[in-house]
Amino acid sequence: MTRIGIEAKAVLDAVGTVVVGRQRSLRLALAAILAGGHVLLEDVPGLGKTLMARSLAQALRLDFKRLQCTPDLLPADVTGSFLYDPGERDFHFRAGPVFTGLLLADEINRTPPKTQSALLEAMQERQVTVEGRTFPLPRPFHVLATANPVEYEGTYPLPEAQLDRFLLRLDIGYPPPEEEVEVLRRRLARQREETEVEPVLDTDRLLQLQQGVEQVAVDEDVLRYCVDLAAATRAHPAVEVGASPRGAQALVLVGRALAVLDGRDFVLPEDVKECAVPALAHRLTLRPETWTSGVTGVDVVTELLGRVPGPVSSRS
């Protein structure tokens, strides 16, 4: 295994001391961070989404801030604003919570579209503009946002164009009974609510790992497979608007990070298949008649994985 893979695996092991189970979700979330992207965690409350985000920040030694999204949240509450200093008789910029290493935007679908746009602009451009002045965000900068897909009253669902800013969308799911028992056992053992994860990396090393991911080789046939999967979503009868080229790019980016986590310096078709659903499903706009029948983007991508031929793994 490469040195980068060993260090990335150490991050997963450190977070695993606090977050019980969830290996797949943790692996994909870390892969998205190594690929330089953002993650949307969409599931019902109480499944450990906040714990996962905070634990990853601690293991990566990233500055961590939590933004509770509410209907009265303003864009300035995210980006910051200019405040008047009577002593200096001048306005000074006070940075908002978006100026951090890892931002948890909790229940992002509870804040109005104008505020969502302020956050999503920062995600895309890695900067904010306030009163005509531009302020770059720190590097690395990542957003883990949560959304409750069950309760719709008082929410503002993210449109597809904004969902596209998230490299991956992950569903956490309920833990099996044995893992839920382990959660209770660990809570009793530590005798307090707070958890602590030992740092594994620092920000400089994380940036180096992200640069290392950029060096992972991708064969031409794997590139074609990524494009074929994205193109197949556009031709599917249940889909009104399929994945854009950004969807194919997401498959490549996350596929490289998964290869690093497995200690390889090249991408296999299996890496693409592993991330296909969380990378593509949220980028699809389904036809109204399909949506009412209960078919989801996850169903569409899962079907395409079984139908679109992929290259044969030629490396080991």
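The points below cover the basis of the model, a sheet, a helix and aromatic rings.

1. This is a predicted model, in which local features need pLDDT of at least 70, side-chain atom pairs count only at pLDDT 80 or more, and totals for chains, interfaces and linings use all residues. Residues are numbered from 1 along each chain as its sequence is written, and side-chain values use heavy atoms, with hydrogens and water left out.

2. Five strands form an open sheet in the order β2-β5-β8-β1-β9, with parallel pairing (strands are DSSP runs of E, at least two residues, numbered from the N terminus; two strands pair if DSSP finds at least two bridges between them). At the edges are β2 (64–68) and β9 (168–170), each pairing on one side only.

3. Strand β1 (residues 39–42) runs parallel to β9 and is joined to it by three bridges. Within this pairing, Leu40 stands opposite Arg169 of β9.

4. Helix α10 (residues 245–261; helices are DSSP runs of H or I, at least four residues) is mostly covered, with 14 of its 17 residues buried (under 20% relative accessible area, 1.4 Å probe, protein chains only). Gly263, with a positive phi near 80 degrees, follows α10.

5. The whole structure contains five aromatic pairs (Phe, Tyr or Trp rings, the six-membered one for Trp, with centres within 6.5 Å). Phe82 and Phe135 are both buried. Ring pairs link Phe82, Phe93, Phe99 and Phe135 into a cluster.

Key:
Rings of Phe, Tyr and Trp (its six-membered ring) pair if their centres lie within 6.5 Å; planes under 30 degrees apart count as stacked, over 60 as edge-to-face and the rest as tilted. Buried means under 20% relative accessible area, exposed over 50%, partly exposed in between (1.4 Å probe, protein chains only).
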